Amino acid sequence: NKHAVRRAAGAAGLAAVPLLALLGGCGPRQFEAQAVIPQPLITRIPVVVGVYMPAEFREAVHREEHDGVDYAITIGKSQSAGFERLLGAMFERVVPVTAPDAGAATDPAIRGVLEPVLEDFSFVTPQDTGDSLYAVTLRYRINAYTPTGQPVDSWTFTGYGAQPEGSLPGTGSGPLQKAAAIAMRDAGAKLAVEFRDQAIARGLIDAQAGTSAPAAAQPPP
C-alpha cells in the first residue's frame, strides 16, 4: 500500500545519510605546507651569490591520490620563503636573478648562481604502515652555475618529518600538514649546516679568493 511504500522510501533515505557522509569525508584534501624556518646562527660564506628560483619551485603543488583520497599540497610559497631566508643568512649577500645565466649581467660581484629544485615529495599515512604516524620526505637539489650560466656542481639533501595521528585538534590533514612542516625545517637545517663542506661551497669560495681556502670551507664550530 501507499503507506508501506512511503515508510520504505523514508528508511532508504535515512540509510543513505551515513553513506553520503562517508563519501563526503573522502573528498579532496587541500592544504598549504607552512614552515617557519628560523635564521641559522652560522658564519657567513664570504661571497655574493645569485639565486634563481624558477616558477615551478615558487608555485609547487604536490598532487597525489593516496588511500583513495586526492591530495593537493601547496609547498611552493613556504619553501621559497624558507630558502630565501636561509641563503640570506649563509652568504655575504644574495641577489635574485631571472635565469641561471643572468648572474654576470645582474651584478658583477656575483661569483656563482644557485638554483633550488624540489626533486621529490612523498608521504605515508597510518593506513600504509599500520603505525600511528604520518611521515613526509622531501628531497631537494641545489644546482650551482658560473655567473654566465655554465653548470658547476649540484648537491642533493633530504628532509624528514613525522607526526602522530590524532596529535592535533580536529580531524583531516592536520598531522600530515605538521609532518610536512617538520620535513621542511629538517631540510633547511641540513642545508645551513652541511653546505660549507660541499664542493659547491668550496668552489664559490675559491672563485672569489682565487686560491683554495680550506679554513673557510670548514663547518663552523
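## Enclosed space

The largest cavity is lined by I42, T43, I45, M90, A192, F195 and R196. Here a cavity is a set of points, on a 1 Å grid over the protein atoms alone, where a 1.4 Å probe fits but cannot get out, and lining residues have an atom within 4 Å of a point. The largest cavity holds about 30 Å³ of space, and the count by this rule is 1 cavity of 30 Å³ or more. Grid points are joined across faces, edges and corners, and the volume is the space filled by probe spheres set on the points. The lining of the largest cavity divides into 5 nonpolar residues, 1 polar and 1 charged; Ala, Val, Leu, Ile, Met, Phe, Trp, Tyr, Cys and Pro count as nonpolar, Asp, Glu, Lys and Arg as charged, and the others, Gly among them, as polar.

## Basis of the model

This is a predicted model, in which local features need pLDDT of at least 70 and side-chain atom pairs count only at pLDDT 80 or more, while totals for chains, interfaces and linings use all residues. Residues are numbered from 1 along each chain as its sequence is written, and side-chain values use heavy atoms, with hydrogens and water left out.

## The five-stranded sheet

An open sheet of 5 strands has the order β5-β2-β6-β7-β8, with mixed pairing. Its edge strands are β5 (91-96) and β8 (151-164), each of which pairs on one side only. On average, neighbouring strands of this sheet are turned by 30° against each other, direction ignored. Strands (E, at least two residues) and helices (H or I, at least four) are DSSP runs numbered from the N terminus, and two strands pair if DSSP finds at least two bridges between them. Axes are lines fitted to C-alpha atoms, for helices over the stretch in contact, and angles run from 0 to 180 degrees between N-to-C directions.

Strand β2 (residues 45-51) pairs with strand β6 (residues 110-124) in the parallel sense over 3 bridges, and V48 stands opposite I110 in β6. Helix α3 (residues 76-90) packs on the sheet, where it touches β2, β5, β6, β7 (133-145) and β8, and its direction makes about 140° with that of β5. Helix α6 (residues 174-194) also packs on the sheet, touching β6, β7 and β8, and its direction makes about 140° with that of β8. Contact means heavy atoms within 4.5 Å. The pairing of β7 with β8 is antiparallel and extends over 13 bridges; R139 has T158 in β8 as its bridge partner. The hairpin of β7 and β8 has 5 residues between the strands, and G149 in this hairpin takes a positive phi near 100°.

## Two glycines

G50 lies in strand β2. Is G50 buried or exposed? G50 is buried, since its relative accessible area is 0%; buried means under 20% relative accessible area, exposed over 50%, and partly exposed in between, with a 1.4 Å probe and protein chains only. Not counting residues up to four places away in sequence, G50 touches V95, V97, I110, G112, V113 and L114. One of these residues, V97, is 47 residues from G50 in sequence and 5.9 Å from it in space, C-alpha to C-alpha.

G174 has its place in helix α6. With a relative accessible area of 24%, G174 is partly exposed. The C-alpha atoms of G174 and Q163 are separated by 9.2 Å, and the two residues are 11 apart along the chain.

## The three-stranded sheet

A further open sheet consists of 3 strands in the order β1-β4-β3, again with mixed pairing. β1 (29-32) and β3 (61-66) stand at the edges with a single partner strand each, so one side of each is left without a neighbour in the sheet. Neighbouring strands of this sheet are turned by 15° against each other on average, direction ignored.

β1 and strand β4 (residues 69-74) pair in the parallel sense over 4 bridges, with F31 opposite I73 in β4. β3 and β4 run antiparallel and are joined by 6 bridges; the bridge partner of R63 in β4 is A72. These two strands, β3 and β4, form a hairpin with 2 residues between them, and D67 in the turn has a positive phi of about 55°.

T74 is found in strand β4 and counts as partly exposed at 31% relative accessibility. Not counting residues up to four places away in sequence, T74 touches F31, E32, A33, A60 and V61. T74 and Q34 are 40 residues apart along the chain, and their C-alpha atoms are separated by 8.8 Å.

Key. 1 Å grid on protein atoms, 1.4 Å probe; cavity = no way out; pocket = protein on both sides within 12 Å on 5 of 7 lines; lining within 4 Å.
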